[in-house]
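I opened this model to look up charges, salt bridges and a few backbone details. My notes follow in the order I took them.

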Amino acid sequence: MTDSYDAELALFVDGAWSAGEGRDTRPVINPATGDAIAEVPLASTADLDAALVAAERGFKLWRATDANARAAILHRAADLIRARADAIAALMTREQGKPIGEARGEVISSAQMFDWFAEEALRHYGRVLVRPSGQRSIVIQQPVGVVAALSPWNFPVYLMAKKLAPALAAGCAVICKPPEETPGCTSAIMHCLEDAGLPKGVAQLVFGVPDTVSRHLIASPITAKISFTGSVPVGQHLLRLAADGVKRTTMELGGHAPVLIFADCDLEKTLDMVVPQKFRNAGQVCVSPTRFYVEEAIYEDFLAGFAARTAQVPVGDGFDPANRMGPLANIRRPDAIERLVDDAKAKGARTMAGGERFGGSEKNGGFFFRPTLLADVPNEADIMSNEPFGPVAVSRSFKDFDDAIEQANRLPYGLAAFAFTENGRRANLLGDAIEAGMVGINSFAISGADTPFGGVKLSGFGSEGGTEGFDSYCVTKAIHQA
């Protein structure tokens, strides 16, 4: 464990870093202690205007840069991220709270994102259509322009990289607005791009009051696209703002992932998978398995095994390598989780494990909540319709396949869903019947650089990752020549 915090907290605009210098600031809080550890400067209107002008100028330069040169810079950035992974991970754990091993894994995955999209810049082809001799029609894709990339605090480095890497690979300029809760680790990624040789003006980094920043960037005619990861209400608000300018958007919004557990699964193996996955990042994951629907024949065995494993999850400061779950990311989260758990219990849910908040140590409170399993949770409980975004698993039994699908598809969300069965035909049917943008069957491996990541219904639209994620930063043009 370390008490050091070494981060240069500043805005990055047009290739220059600008710290406080008379700007308003906001404290950065260590969620494991509740203590303020730094101050992050908030962008003024003038800062945002400067970022827009720089990005407009940077886009003209970057879109004309050869794809091989763009790819080389992204590869160098990936190498620097790997070389600095331990330092970046330490910043993330200090600011966000997740265990240091998880933080380092996130950093390495971010480097892979830059590498994959560097190569995708070289694989991006158009097509020639069949026409009579002497005529030609071609279809090409060109970079959309200046992108406003708005990313959240739960995976601060990875989700920023997931927007930056494909946008830069496609030839766009970017204005990043990462979360004010995690400025150090996200700034470190921008330092890697700067040191890799990214021309000034191609990428900016601003912090600020979220609504003020998003309104200003979206209203500008310079901004061509908005990429947002966050809650459904905020996404709906941003879509309304984008409508006035008919701005292109990618929206990766909230979910409430169902998990269908069938009696023919390998139960012990399944439990060994689902429990660590549920409490990864303290459940603060948009695709976290949350609503567990278990076939009646194995329901009580499932509850017993899940509860026993949950009670053994060590929780504490993320710098202690013995801990497998850290604090919640901010002071608001324990209150929100506590309200949902109390409401479920009042409506008849059984507490099988956890169920309460606790202090981080004898010296401080911290923002901790014990890993929790609730059984027999009625649909009337708020937690069955509202994503807890925390370390709480809720469970009910189901009778048959149709009942399971009905429960899984009950909500107006459709980001991720999971199922566990050893029946191959059932697995095929599940993949077709579940309403979600991503379905994992006997697996939680649904996110990667080469994989489209996105939802349906209120969980948003568009994809990040894969060729689909690259295409989202491009516009299609047909050129016809007679």
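**Entry 1: a buried arginine.** I began with R333, which is buried yet has no salt bridge. The nearest side chain of opposite charge is E387, and that is 7.9 Å away. A salt bridge needs nitrogen and oxygen within 4 Å. I then asked what the side chain of R333 reaches. I found the backbone oxygen of F389, at 3.3 Å. R333 sits in helix α11, which covers residues 332-346. I note here that the model is predicted.

**Entry 2: more on helix α11.** I stayed with this helix and picked V341, which lies in α11. Is V341 buried or exposed? V341 is buried, because its relative accessible area is 0%. I checked its distance to G355, 14 residues apart from V341 in sequence. The two C-alpha atoms are 6.7 Å apart.

I also looked up E338, which forms a salt bridge with R357. The closest N and O atoms are 3.2 Å apart. The pair links distant parts of the chain, with E338 in helix α11 and R357 in strand β15 (residues 357-358). They are 19 residues apart. E338 is partly exposed, with a relative accessible area of 29%. R357 counts as partly exposed too, at 32%.

Entry 3: I moved to I331, in the loop between α10 and α11. At 57% relative accessibility, I331 counts as exposed. The cut-off for exposed is over 50%, so I331 passes. I took the C-alpha separation from I331 to D382 and got 21 Å. Those two are 51 residues apart along the chain.

**Entry 4: salt bridges.** How many salt bridges are there by the distance rule? The count comes to 25. I followed up E464 and K163, which form a salt bridge with closest N and O atoms 2.7 Å apart. This pair links distant parts of the chain. E464 is in the loop between β23 (460-461) and α14 (466-471), while K163 is in helix α5 (residues 156-170). The two are 301 residues apart. Both E464 and K163 are buried.

Next came E300 and R350, whose side chains meet in a salt bridge at 3.4 Å, N to O. E300 lies in helix α10 (residues 299-311) and R350 in strand β14 (residues 350-353), so the pair ties together parts that are 50 residues apart in sequence. E300 counts as partly exposed at 47% relative accessibility. R350 is partly exposed as well, with a relative accessible area of 32%.

I also wrote down a network of salt bridges, which links E21, R23 and D47.

**Entry 5: a negative patch.** Which residues form the negative surface patch? I listed E296, D400, D402 and E406. E406 is exposed, with a relative accessible area of 55%.

**Entry 6: positive phi.** I turned to the backbone. Most residues other than glycine have a negative phi. I looked up two residues with positive values. N442 has a phi near 60 degrees and is not a glycine. N442 is found in the loop between β21 (438-441) and β22 (456-457). At 32% relative accessibility, N442 counts as partly exposed.

K457 is not a glycine either, and its phi is positive at about 55 degrees. Where is K457 placed? I found K457 in strand β22. K457 is partly exposed, with a relative accessible area of 36%.

**Entry 7: a buried phenylalanine.** At 0% relative accessibility, F117 counts as buried. I took the C-alpha separation from F117 to A165. The value is 6.0 Å, for residues 48 apart along the chain.

Note on methods: Residues are numbered from 1 along each chain as its sequence is written. This is a predicted model: local features need pLDDT of at least 70, side-chain atom pairs count only at pLDDT 80 or more; totals for chains, interfaces and linings use all residues. Side-chain values use heavy atoms; hydrogens and water are left out. Patches are made of residues with over 30% relative accessible area and no salt bridge: like charges are joined within 9 Å, nonpolar side chains (Val, Leu, Ile, Met, Phe, Trp, Tyr) within 5 Å. Accessible areas come from the Shrake-Rupley method with a 1.4 Å probe; for residues, only the protein chains shown count as cover. Lys and Arg count as positive and Asp and Glu as negative; His and the chain ends are not counted. The place of a charge is taken as NZ of Lys, CZ of Arg, CG of Asp or CD of Glu. Buried means under 20% relative accessible area, exposed over 50%, partly exposed in between (1.4 Å probe, protein chains only). Helices (H or I, at least four residues) and strands (E, at least two) are DSSP runs, numbered from the N terminus. A polar contact is a pair of N or O atoms within 3.5 Å; within protein, one must be able to donate a hydrogen and the other to accept it, and residues adjacent in sequence count only if both atoms are side-chain atoms.
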